[in-house]
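Please read it alongside the sequence and the structure.

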Amino acid sequence: MRKFTRLLLAVVLLLWGMYATAQDKTISGTVTDADDNKPVPGVSITIKGTNRGTQANAQGVFSIKAQKGDVLIISSVGYEGSQVRVGDAAAISVKIKNSQKQMGEVVVTAMDIKRNPRELGYSVQTVKGSDIQQTQRENFINSLQGLVAGL
């Protein structure tokens, strides 16, 4: 009976040690531009394989709870994505590169549904920068007058 109790106690202590090392820890970091080392605001940071995530503030600083070995996915519009594995460090610094890709035309409807303009069953108003430049008005809002309904 004593051997069984000691064995049970050893197993419980072993499992407790494994449980304690698998706890989440808070990882904080800064996301900067690789070209000019300026902070990048609004970057999304998610843990790969989960739905947990956070967003960097205006200074590019973020904080997220993750386990050692988790992979952080860093992404932002206009920048190439990056992945960082969580190690022993409680603070990390991530540099992301500016993407040279051009975005396509996107139409945002009233219900946040993005569609191609040719797929819509209703009229869409489009104003180009050259149209606004040709009006030569004193400000931006006045240059939209007559080009957009309701202005």
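Two strands are said to pair if DSSP finds at least two bridges between them; helices (H or I, at least four residues) and strands (E, at least two) are DSSP runs, numbered from the N terminus. This is a predicted model, in which local features need pLDDT of at least 70 and side-chain atom pairs count only at pLDDT 80 or more, while totals for chains, interfaces and linings use all residues. Residues are numbered from 1 along each chain as its sequence is written, and side-chain values use heavy atoms, with hydrogens and water left out.

**Confidence**
- The mean pLDDT (the predictor's confidence in each residue, from 0 to 100) of the protein chain is 79, and 74% of its residues reach 70 or more.

**Overall architecture**
- The protein chain contains three helices and nine strands.
- Read from the N terminus, the order of elements is α-β-β-β-β-β-β-β-β-β-α-α.
- Of the contacts (heavy atoms within 4.5 Å) between residues at least 6 apart in sequence, 41% join residues at least 24 apart.

**Strand pairing around β5**
- β5 is joined to strand β6 (residues 82-85) by four bridges, and the two run antiparallel.
- Within this pair, Val71 has Arg85 of β6 as its bridge partner.
- Six residues separate β5 from β6 in a hairpin, and Gly78 in the turn has a positive phi of about 90°.
- β5 also pairs with β2 in the antiparallel sense, over four bridges; here Ile74 in β5 stands opposite Ile45.

- Buried residues (under 20% relative accessible area, 1.4 Å probe, protein chains only) account for 20% of the 151 residues in the protein chain.
- A nonpolar core is a set of buried Ala, Val, Leu, Ile, Met, Phe, Trp, Tyr and Cys residues joined through side-chain atoms within 4.5 Å.
- The largest such core has 16 residues, of which Val43, Ile45, Leu72 and Ile74 touch the most other members.
- Two or more residues come from each of β1 (25-33), β2 (44-47), β4 (61-66), β5 (71-75) and β7 (91-96), and β4 gives the largest share, three residues.
- Beyond residues up to four places away in sequence, Val43 touches Val31, Thr54, Gln55, Ala56, Ile74, Ser75, Ser76 and Ile96.

Note on methods: Buried means under 20% relative accessible area, exposed over 50%, partly exposed in between (1.4 Å probe, protein chains only).
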